[in-house]
Amino acid sequence: MQELTLSPRPAKLTPTLDPTHRMELILSTSPAELTLDPECQPKLPLDSTCQPEMTFNPGPTELTVDPEHQPEETPAPSLAELTLEPVHRRPELLDACADLINDQWPRSRASRLHSLGQSSDAFPLCLMLLSPHPTSEAAPIVVGHARLSRVLNQPQSLLVETVVVARALRGRGFGRCLMEGLEVFARARGFCKLHLTTHDQVHFYTHLGYQLGKPVQGLVFTSRRLPATLLNAFPTALSPRPPWKAPNLTAQAAPRGPKGPPLPPPPPLPECLTTSPPVPSGPPSKSLLETQYQNVRGRPIFWMEKDI
């Protein structure tokens, strides 16, 4: 009969086994069974049929991307396929054109879209340099932009403004292509001269045949119903005001008081110091490094022109 003896320790139960049955209570050390012997723990085998499912192949084929699934790079536009179209004839490209301009000159998007929406055949007119999209179903890509305005008192001249080319495509001849397209567009409509301003692209426009010239005034709006006589009434430049001088009060009669001797005349007033700056005389400077014109922020402006 087997007896169980309780140890005085509360956390341990000690059985008393019969020596004749001690061999029957020994755990088997077969590798197929789990044992508590530390020497048998590393002998736990894995089924060889499961090894391919639990291991990762570190070969190069697992670390490379299938060339068939790699994204294709968009090819650069071809200069021979570029076209120049007015923005008001392609309203679906208004957003793309606004993004292109705002990338160079940040401005309110609503204000930019409103300005582009004013484009018309009667000028001002916004032109886009377009490239066909690689996908035939997609819209063309807006490569560049320029705006043409009429010039006051010069019916055969146009003012070129807001000339910009996409940043990723600069230095590849698209700027030259845009300017040459503007000349063809203007000549086809009877204009023979282009004017523009620049801050830091003097040499670029010089290579295109532009020369330093005088400032002109572009018309923000034009209409066929507006008579030319009214347009000519606007001054081309503000005439300088003559220096202001205080009236000579010493020649006037000295005021007399009600009684007593006459009062002494007042002292003469000082000359006014707020006179207008002298107007530069002679032709404008012909240096490509210096200019006498500045914008409202004091930044140098180079006025340039070209006969087309």
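Residues are numbered from 1 along each chain as its sequence is written. In this predicted model, local features need pLDDT of at least 70 and side-chain atom pairs count only at pLDDT 80 or more, whereas totals for chains, interfaces and linings use all residues, and side-chain values use heavy atoms, with hydrogens and water left out.

Reader: How much space lies in the largest pocket?

Author: Rolling a probe the size of a water molecule over the atoms shows where empty space is left. On a 1 Å grid over the protein atoms alone, a pocket is an open set of points where a 1.4 Å probe fits, with protein on both sides within 12 Å along at least five of seven lines. Grid points are joined across faces, edges and corners, and a volume is the space filled by probe spheres set on the points. For the largest pocket, the space comes to about 1,400 Å³.

Reader: Which residues that line the largest pocket are the closest to its centre?

Author: A lining residue has an atom within 4 Å of a point of the pocket. The largest pocket has 33 such residues, and the closest to its centre are Trp105, Val163, Thr197, Thr198 and His199.

Reader: Which element gives the most to the lining of the largest pocket?

Author: Helices (H or I, at least four residues) and strands (E, at least two) are DSSP runs, numbered from the N terminus. At least two lining residues come from each of β6 (154-165), α4 (174-187), β7 (193-198), α5 (202-207) and β10 (300-307). The element that gives the most, with 7 residues, is β6.

Reader: How do the residues of the lining divide into nonpolar, polar and charged?

Author: Ala, Val, Leu, Ile, Met, Phe, Trp, Tyr, Cys and Pro count as nonpolar, Asp, Glu, Lys and Arg as charged, and the others, Gly among them, as polar. By this division, the lining of the largest pocket has 15 nonpolar, 10 polar and 8 charged residues.

Reader: In which sense do β6 and β7 pair?

Author: Two strands pair if DSSP finds at least two bridges between them. Strand β5 (residues 141-151) pairs with β6 in the antiparallel sense over 7 bridges. On β7, Leu194 stands opposite Leu158. Over 4 bridges, the sense in which β6 and β7 pair is parallel.

Reader: What handedness has the β-α-β unit of β6, α4 and β7?

Author: A crossover is right-handed if, with the strands pointing away from the viewer, the path from the first strand over the helix to the second runs clockwise. The β-α-β unit made by β6, α4 and β7 is right-handed.

Reader: Which residue meets Glu161 in a salt bridge?

Author: A salt bridge is a side-chain nitrogen of Lys or Arg within 4 Å of a carboxyl oxygen of Asp or Glu, and the structure holds 11 of them. In one of these, the N to O distance is 3.9 Å between Glu161 and Arg147. Glu161 lies in strand β6 and its partner in strand β5, so the pair ties together parts that are 14 residues apart in sequence. The two residues are also bridge partners in the strand pairing, and the one that meets Glu161 is Arg147.

Reader: Is Arg147 buried or exposed?

Author: Buried means under 20% relative accessible area, exposed over 50%, and partly exposed in between (1.4 Å probe, protein chains only). Glu161 has a relative accessible area of 30% and is therefore partly exposed. Because its relative accessibility is 18%, Arg147 counts as buried.

Reader: How far apart are the closest N and O atoms of Arg176 and Glu180?

Author: Arg176 and Glu180 both lie in helix α4, 4 residues apart, about one turn of the helix. Arg176 is partly exposed at 38% relative accessibility, and Glu180 is partly exposed at 40%. In their salt bridge, the closest N and O atoms are apart by 3.8 Å.

Reader: Which peptide bond is cis?

Author: Most residues other than glycine have a negative phi, and most peptide bonds are trans. Phe123, in the loop between α3 and β4, has a positive phi near 75° and is buried, with a relative accessible area of 7%. Pro124 is found in the loop between α3 and β4 (125-131). With omega near 0°, the cis peptide bond is the one from Phe123 to Pro124.

Reader: What is the phi of Asn153?

Author: Asn153 lies in the loop between β5 and β6, in a hairpin with 2 residues between the strands. At 39% relative accessibility, Asn153 counts as partly exposed. The phi of Asn153 is positive, near 65°.
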